[in-house]
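Please keep the sequence and the 3D view at hand.

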Amino acid sequence: MRVWSLVVVGLLLVGAPGSFGFAQEAKTVLAIPPAPLLPESMRTGPDHDAGNGAPLWSGADGPILIEDGIKRYERGNAQSPAHDAVPSGTVTVYQFDDATGAYAAYSYLRKNSVDRVTLSGVSVVVSNVKLNPESAAALLKTVEVGLPKVGGPKGMPPLLPTYLPAKGLERDSVKYALGPVGYQAIGGALPTEIIGFDKAAEVVTAKYEGKGTLTMLLYPTPQIAGDHGRQIVTEMNKQNGAAGTVLLRREGPLVLMTSGSWKAGDAKELVESIHLRNQLTWNKPMPLEFHSEIRKTVSLLTSILIFCGLGALAAVVIALFLGGARAAIRVMQGKPAATEPEFLRIDLSGNAARIRPEGSGAKQT
């Protein structure tokens, strides 16, 4: 009977939690939709298309944008200022997780010379409009002003492309990739399986006028760079000169490789001119500048000197006041203003000493 009683009590507790205070209150979560990527004037029209996640069209662009970390995109119509109802092309905005993915997508989407591609933080704007240059520039500026702004590490562009030497660089040939799909799309000279994209590798390729191609790979640690650098050396030896003038060099987590029609001296000079440089990032407010600290120190020392000077002056004034007052009081009592200091002494001779009146010229006997 005791066992059955415990079972019944347990069923009552489970079946009626509200009676015993175990009921949980329902909570309402309000989800705020993200701000639109395009201005309202461009979001109206029959060709308006907006979505979250990866683009829905088929082809090579979708997998590459997914690899670069696309979050959402929005496409709208561009209208001519002279004829507001006549579409003059389309403008598409892609938003990515960070500026690194946006830069990778930007370098890939520039493949089509018909489209105008611009990079703005974590967003890439692709415009295909039939407007005069002034109207097109004003339109893109209007779009870029309303794009989301991201700060902190996610808003920082990749550092690897900044290592490219500027002399002889064909800037339109700079391509940046974060994964195997993007690297294959930009026509990389290495097999994707030996690069190490699964170890967070970054790759940038660029052509130089009248020479060849420079490939730079950046890894999280020097150890990972060393492992994949040896794999690249083995692969280049297998090609037996098919890749042109190949020269490899590693500096810490950075691996450099030339390929194509380089002269041996030019290739060596190029790879030896590239060096890593340190870059500090802060997720807290920056400290005061150095010159501000110097200014504060000078101000403190000046205040101390002024205080000491005023203290010394006050001491002199007080001494003159107290000394003059004491001398005046003695004069008023008929005594000289200045007197010899009076000392107490102990006479151990045993003779009675005569007390000399103050101010008298009598000698003590």
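How much space lies in the largest cavity? About 40 Å³. A search of the whole structure finds one cavity of 30 Å³ or more. A cavity here is a set of points, on a 1 Å grid over the protein atoms alone, where a 1.4 Å probe fits but cannot get out. Points are joined across faces, edges and corners, and the volume is the space filled by probe spheres set on them.

This is a predicted model: local features need pLDDT of at least 70, side-chain atom pairs count only at pLDDT 80 or more, and totals for chains, interfaces and linings use all residues. Residues are numbered from 1 along each chain as its sequence is written, and side-chain values use heavy atoms, leaving out hydrogens and water.

**Cavity lining**

Lining residues have an atom within 4 Å of a cavity point. For the largest cavity they are Ile 64, Asp 68, Ala 104, Ser 107, Tyr 108, Tyr 176, Ala 177, Gly 182 and Ile 186. By class, six are nonpolar, two polar and one charged. Ala, Val, Leu, Ile, Met, Phe, Trp, Tyr, Cys and Pro count as nonpolar; Asp, Glu, Lys and Arg as charged; the others, Gly among them, as polar. Helix 4 gives the largest share of this lining, three residues. Strand 6 (175-177) also supplies at least two. Helices (H or I, at least four residues) and strands (E, at least two) are DSSP runs, numbered from the N terminus.

**Helix 4 and the cores**

Helix 4 is mostly covered, with 11 of its 11 residues buried. Buried means under 20% relative accessible area, exposed over 50%, partly exposed in between (1.4 Å probe, protein chains only).

A nonpolar core is a set of buried Ala, Val, Leu, Ile, Met, Phe, Trp, Tyr and Cys residues joined through side-chain atoms within 4.5 Å. The largest has 35 residues, and Leu 164 and Met 216 have the most contacts inside it. Its largest share, seven residues, comes from helix 4 (residues 99-109). A second, separate core of 17 residues includes Tyr 183, Ala 225, Val 255 and Met 257.

Leu 164 touches Leu 169, Val 174, Val 204, Ala 206, Tyr 208, Leu 214 and Met 216, not counting residues up to four places away in sequence. Contact means heavy atoms within 4.5 Å.

**Positive phi**

Most residues other than glycine have a negative phi. Two exceptions follow.

| Residue | Phi | Loop |
|---|---|---|
| Asn 240 | about 55 degrees | between helix 7 (222-239) and strand 9 (247-251) |

Asn 240 counts as exposed because its relative accessibility is 69%.

How values were computed
On a 1 Å grid over the protein atoms alone, a cavity is a set of points where a 1.4 Å probe fits but cannot get out, and a pocket is an open set with protein on both sides within 12 Å along at least five of seven lines; lining residues have an atom within 4 Å of a point.
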